[in-house]
Amino acid sequence: MADIPTYVIIQVHNRCSDEALQTIVDELRKPWEKGGGGLVLSLQKPRSQFPDTVIHVTASNQHIIRIAEHVEVKKIDSEGFVRPVTEDDIDSFPESGRVGPLSLSDVQRCILHAIHRVHFGKDITILPGHK
């Protein structure tokens, strides 16, 4: 994950079970097409100085552009017109942001959208390892 930056971090309380954490991670990593976030995650394990697990969340540039299209992010194209960013027309936008034309706040909005769209199945009423 060294080649793509962390855009969002999630702090998981130290009382969260390993099974519950794995369930959350699995759903965030699940492919976008299957209802997951399609995100790239890296876990920072607890230490004595910081007893909680930290999930570093990122995504490929291509996936961020795909999410931006999904949430209809609009940017100024190379001809000066404001229009939605799409995968097909990404070359029509100047490379003026963190990911193509997208600013850091646009990228974080896309990552947060991917996190928020993840829903557990109706059969999961309680996270594994918790009562």
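Which residues touch the most other members of the largest nonpolar core? They are L39, V57, I64, L102 and I111, out of the 28 residues in that core. Keep in mind that this is a predicted model.

**Overall layout**
- The chain has three helices and five strands, and from the N terminus on its elements run β-α-β-β-α-β-β-α.
- Taken along the principal axes, the C-alpha atoms fill a box of roughly 55 × 35 × 20 Å.
- Of the 131 residues in the chain, 34% count as buried.
- If you look at contacts between residues at least 6 apart in sequence, 58% of them join residues at least 24 apart.

- In soluble globular proteins, nonpolar side chains tend to be buried together.
- Here, the largest nonpolar core holds 28 residues, with L39, V57, I64, L102 and I111 touching the most other members.
- The elements giving two or more residues to this core are β1 (8-12), α1, β3 (53-58), α2 (61-70) and α3.
- Helix α3 is the top contributor, giving five residues to the core.
- I64 makes a handy spot to start looking around: leaving out residues up to four places away in sequence, I64 touches Y7, A59, V99, L102, V107, C110 and I111.

**Salt bridges**
- The structure holds five salt bridges, and a few of them are worth a look.
- D106 and K75 pair up through their side chains at 2.7 Å, N to O.
- This pair ties together distant parts of the chain, since D106 sits in helix α3 (residues 104-116) and K75 in strand β4 (residues 74-76), 31 residues apart.
- D106 has a relative accessible area of 11%, which is under the 20% cut-off, so D106 counts as buried.
- D77 and R83 also form a salt bridge, with an N to O distance of 2.7 Å.
- D89 has a relative accessible area of 31%, which makes D89 partly exposed.

**The largest pocket**
- Rolling a probe the size of a water molecule over the atoms shows where empty space is left.
- The largest pocket in this model has a volume of about 170 Å³.
- Its lining is made up of 14 residues, and C16, D18, L21, P46 and T53 are the closest to the pocket centre.
- Helix α1 (residues 18-29) gives the most to the lining, with three residues.
- Sorted by class, the lining has six nonpolar, five polar and three charged residues.

Conventions:
Residues are numbered from 1 along each chain as its sequence is written. This is a predicted model: local features need pLDDT of at least 70, side-chain atom pairs count only at pLDDT 80 or more; totals for chains, interfaces and linings use all residues. Side-chain values use heavy atoms; hydrogens and water are left out. On a 1 Å grid over the protein atoms alone, a cavity is a set of points where a 1.4 Å probe fits but cannot get out, and a pocket is an open set with protein on both sides within 12 Å along at least five of seven lines; lining residues have an atom within 4 Å of a point. Grid points are joined across faces, edges and corners, and a volume is the space filled by probe spheres set on the points. Helices (H or I, at least four residues) and strands (E, at least two) are DSSP runs, numbered from the N terminus. Ala, Val, Leu, Ile, Met, Phe, Trp, Tyr, Cys and Pro count as nonpolar, Asp, Glu, Lys and Arg as charged, and the others, Gly among them, as polar. A salt bridge is a side-chain nitrogen of Lys or Arg within 4 Å of a carboxyl oxygen of Asp or Glu. Buried means under 20% relative accessible area, exposed over 50%, partly exposed in between (1.4 Å probe, protein chains only). A nonpolar core is a set of buried Ala, Val, Leu, Ile, Met, Phe, Trp, Tyr and Cys residues joined through side-chain atoms within 4.5 Å. Contact means heavy atoms within 4.5 Å.
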